Structure formats: structure tokens, C-alpha cells
Amino acid sequence: MVVPIYSEVSNQERHLLRVNRELSIVLYLKPLANPVATLNSLYKVLQSNVNCELILIAEEKDAYQYDTLMEKFPVLRVILPERTLTFAEVWEIGCRESFSNHVMFLDDTVLLENLPTEIFSLYYDDPQYGIMIPQLFNEKNEGLPSQIKCILLHGFIQTVGRDKPQTAAPGLYPPHFCFILNKTMFLERDFHLYDYENFLYTLAEIGWRVWKSDFWVIQVRQWRVVRLV
């Protein structure tokens with residue numbers, strides 16, 4: 001994949017950014033995004049998680065007051081691509097630019113209720129950890145399907161979404177654009193995703209490549225995320 005041209009602004013000097021972080025959080029802001037609720041949730045959870053960096057991939061250069069955000073977040077970088085990106089390109093840029101072996105991807109359709117980094121760390125050394133996904137809720141605190149499973153129906157493979165009350169249950173692929181990636185797994189196997197128009201196909205391909213490499217998509221039920229739409 002040819003990585004698109006982009007520029008970057010940050011509230012830290014480049015040599016200060018090059019510090020290994022516990023977690024890199026990549027927030028993708030597509031055109032006409034409304035990230036206020038998502039940014040507020042990130043601000044709350046990052047107050048007690050100082051060893052994290054926040055990377056905004058923003059396709060609209062003049063849509064947000066980046067100077068104000070620079071003052072609020074300890075480590076903030078804003079990636080400004082020259083054109084609209086596919087989700088595969090967002091994935092590629094987020095992995096290449098992050099200074100952590102673990103990268104969280106999300107967009108403005110979710111907000112984080114918590115960020116249990118102490119729970120995440122239990123999975124970092126798990127030889128089967130490829131991707132971690134959260135437990136999902138709607139704004140009424142009702143559980144949403146957080147896992148994609150496959151079943152065999154009349155000789156065909158069919159996928160189904162469900163929420164099974166079990167800790168660390170493996171799934172087929174992330175059902176939404178909110179997950180934590182084992183970046184080392186991604187880079188060592190040189191994954192290159194196709195540029196689908198529908199990002200759900202990209203999520204399915206991510207899960208398929210993780211599965212083909214003998215890794216798991218693991219649900220972490222202590223990690224609570226609210227889906228806004």
C-alpha cells in the first residue's frame with residue numbers, strides 16, 4: 001500500500017514523542033465528524049492514564065480548534081492527510097505513527113466509559129492476543145452485540161452478532177471501529193488490507209488475517225464503550 005501524503009502538528013517536540021507508550025489511541029475524524037462527546041470521554045479517561053498518546057487523524061484541517069485540544073491533552077498529535085482516506089489507510093497510518101506496541105482505533109461514533117489499562121496489560125503477553133474489543137452499550141445502558149461469531153447453516157458459513165456474558169471470549173472480527181491492535185503482530189506479518197468502500201469489509205478482513213495468523217479477537221468485558229449511533 002502507498003501511504004498517502006500527510007502533515008503533522010503536535011504539542012510535543014519530535015524527540016520527546018519518541019518514547020515508548022503503554023497505549024496509543026488513534027481517533028479517526030472523517031469529514032463531517034462530530035467528535036465532541038468522544039473527545040470529552042477521552043479527556044476523562046486519560047487523566048489517570050498518563051502513559052498514553054492521542055493521535056487524531058483529521059481529514060478536515062479547519063474543522064476543529066486544535067490549539068485548544070493541544071492544551072488539554074498531555075501528548076497529542078494531529079495527522080492531516082491531503083485527501084480522504086480509506087479505513088485501510090487509517091489503519092496503516094495509525095500503526096506506522098504510533099509509539100506503542102498496542103494501538104486503539106476508534107471514531108466519533110463511540111465514547112469510552114473507562115480505560116482499564118491494568119486489565120489490558122494482562123493480555124499483552126498472551127501468545128494468542130491479536131485484537132481486543134470492548135463490551136458495547138447504547139446510550140440507555142443496554143448491551144449491544146459485541147462479538148461476531150460464525151455458524152454453519154445449511155452448509156454455508158453465516159456470521160451472527162451476540163453478546164455472551166463471558167470474560168475474554170474470542171470472536172471472529174471486531175463488529176465496530178473500536179478495538180486495540182497488537183501492532184507487533186501486524187508489522188511482523190506485513191498485513192496489507194484492501195481498500196473497500198464499506199469499512200465493515202475491512203473489519204472482516206482484519207479478523208480473517210488475525211485468525212489466519214493463529215491469533216484471537218478477544219473481548220475484554222471490563223472495558224465499557226457506549227455506541228452513539
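**Exercise 1. Contacts of isoleucine 25**

Find which residues isoleucine 25 touches in this predicted model, leaving out residues up to four places away in sequence.

Solution. Step 1: list the contacts. Isoleucine 25 touches Leu42, Leu46, Glu53, Leu54, Ile55, Met104, Leu106 and Leu115.
Step 1: Nonpolar side chains tend to be buried together in soluble globular proteins.

**Exercise 2. Helix α7**

Check the span of helix α7 (residues 199-212) against its number of residues, then state which elements its buried residues pack against.

Step 1: name the buried residues. In α7 these are Thr202, Leu203, Glu205, Ile206, Gly207, Arg209 and Val210.
Step 2: name the partners. The buried residues of α7 pack against the helices α4 (87-97) and α6 (183-188) and the strands β7 (129-137), β11 (178-182) and β12 (216-227).

**Exercise 3. The largest pocket**

Describe the lining of the largest pocket by residue, by element and by class.

Solution. Step 1: give the volume. The space in the largest pocket is about 240 Å³.
Step 1: list the lining. It consists of Asn34, Pro35, Val36, Leu39, Asn40, Tyr43, Tyr64, Gln65, Thr68, Leu69, Lys72 and Phe73.
Step 2: assign elements. Both α2 (36-46) and α3 (66-72) supply at least two lining residues, and α2 gives the largest share, four residues.
Step 3: sort by class. Seven lining residues are nonpolar, four are polar and one is charged.

**Exercise 4. Isoleucine 148**

Is isoleucine 148 buried or exposed?

Solution. Step 1: locate isoleucine 148, which lies in strand β8 (residues 147-153).
Step 1: apply the cut-off. Buried means under 20% relative accessible area; isoleucine 148 has 11%, so it is buried.
Step 2: Histidine 176 is 28 residues from isoleucine 148 along the chain, and their C-alpha atoms are separated by 9.9 Å.

**Exercise 5. The whole chain**

State how much of the protein chain is buried and how many helices and strands it has.

Solution. Step 1: of the 229 residues, 52% count as buried.
Step 1: the chain has seven helices and twelve strands.
Step 2: among contacts with a separation of 6 or more, 75% join residues 24 or more positions apart.

Technical notes. Residues numbered from 1 in each chain as written. Predicted model: local features only at pLDDT ≥ 70, side-chain atom pairs only at ≥ 80, totals over all residues. Heavy atoms only, no water. 1 Å grid on protein atoms, 1.4 Å probe; cavity = no way out; pocket = protein on both sides within 12 Å on 5 of 7 lines; lining within 4 Å. Points joined across faces, edges and corners; volume = space filled by probe spheres on them. Nonpolar A, V, L, I, M, F, W, Y, C, P; charged D, E, K, R; others polar. Contact = heavy atoms within 4.5 Å. Expected span 1.5 Å × (residues − 1). Buried < 20%, exposed > 50% of the residue type's maximum accessible area, 1.4 Å probe, protein only.
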